[in-house]
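Please walk through this structure with the ligand as the starting point.

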Amino acid sequence: MTEHIEDNRVLSVRDVAMWFELRRWGFGRAGFVRAVDGVSFDLQRGEAVAVVGESGSGKSTMAKTILSLHRATRGDILFQSENLRDMDAHRLQWYHSQVGYVQQDPYGALPPFMTLRQILLEPLLINRVMNRSENESRVRKVLEEVKLPGEFLSKFPHMLSGGQQQRVVIARAIILQPKLVVADEPVSMLDASVRVEVLQLLKQLQQAHDLSVLYVTHDLATVRYFSQRVLVMYAGKIVEKAAVGSLLNNPYHPYTKALIAAIPDPDAANAQTFREVPPGEPPSLLNPPPGCRFHPRCSAIIPGLCDKEEPTEFEPEPGHLVSCWLYRK
Ligand SMILES: Nc1ncnc2c1ncn2[C@@H]1O[C@H](COP(=O)(O)OP(=O)(O)O)[C@@H](O)[C@H]1O
Ligand SMILES: [Mg+2]
């Protein structure tokens, strides 16, 4: 086992890529979908980091790779300085007990023929952490934490509302007292009326248990409330990372600027109007454009550079990183 270095990092992601192989029927390999293509960041203990970006930018693939539901094509993922690559099946099972997963679709995430008691007991039984009565009291305690009544334990998932189902998913994600929770668009499939309360619950639990949370969302309006730092993803890459205030008040990347400009203004009469963000579409990840992947949509393009060379990471102000040629020294 690797020696554990004393630091506050719960997770380190180093140049991680996840490529899906596409096979053309009868002709073998057709290429790779470069869903995640070289991302790096750290997550500190108790820190909530948001991952934002349009649909198809690789957020879920990155989340699943961190959860070791996909095996990284390249790069290293370190959990408390232990490399996922070096974990055997037994150690990976332990890892899964340390990392909770809250999916987007709560009903799809819950086994339909199990009662809530069975659903919540399952991780405890798999990891054989406690005896029967301790398991029962842990199940009751966690149900209380997600603010569901004890009599729900004999119900099946379909008997619950979407918001209640998502509370069960959250309860299951934290029942083994993990260090890290990966929440992939945890409220985007819920009714607008319950989104806020489910997000508030997740925030409360994060603070109460000093959890590190990777909060994937395409809703930039919620990141100030939920997270301390933000990673902006575009076409499989992280194009900007910064503290939440710095990112929202002083974005550098043209893509981040466009995303922020498109946050609906809650006071405006047209708050519900859907705005395309920004004009154009993300590129194919099977054949991504050369240079900066955003250049075909960028209004600030430097010809001969942005369309040819991939930008490196610049630090226009301390702790605020952006991969864009506009900020080269
Ligand atoms: N299992 C898979 N096989 C092939 N391509 C996939 C698979 N899962 C995701 N992709 C592709 O990876 C890209 C990123 O998808 P995803 O990670 O779901 O993005 P996001 O969560 O940001 O919407 C998309 O082009 C998607 O089609
Ligand atoms: Mg997704």
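A residue is near a molecule or strand if its C-beta atom, placed from the backbone, lies within 6 Å of it. The model is predicted: local features need pLDDT of at least 70, side-chain atom pairs count only at pLDDT 80 or more, and totals for chains, interfaces and linings use all residues. Residues are numbered from 1 along each chain as its sequence is written, while chains are lettered from A and ligands numbered from 1 in the order in which they are written.

Start with ligand 1. Around it are Phe 20, Val 33, Ala 35, Gly 53, Ser 55, Gly 56, Ser 57, Gly 58, Lys 59, Ser 60, Thr 61 and Leu 285. Two elements give two or more residues to this shell: strand 2 (28-44) and helix 1. Helices (H or I, at least four residues) and strands (E, at least two) are DSSP runs, numbered from the N terminus. Helix 1 gives the largest share, 3 residues. By class, the shell has 4 nonpolar, 7 polar and 1 charged residues. Here Ala, Val, Leu, Ile, Met, Phe, Trp, Tyr, Cys and Pro count as nonpolar, Asp, Glu, Lys and Arg as charged, and the others, Gly among them, as polar.

Now take helix 1 itself. Buried means 20 or more other C-beta atoms within 10 Å of a residue's own, exposed 12 or fewer, and partly exposed in between; C-beta atoms are placed from the backbone. Helix 1 (residues 59-66) is largely enclosed by the rest of the structure because 7 of its 8 residues are buried. Among them are Lys 59, Met 62 and Ile 66. Ser 68 follows helix 1, with a positive phi near 60°.

Finally, look at Glu 151. This residue sits in the loop between helix 5 (132-145) and helix 6 (162-174). Glu 151 counts as exposed because it has 9 C-beta neighbours inside 10 Å. Its C-alpha atom is 9.9 Å from that of Arg 117, 34 residues apart along the chain.
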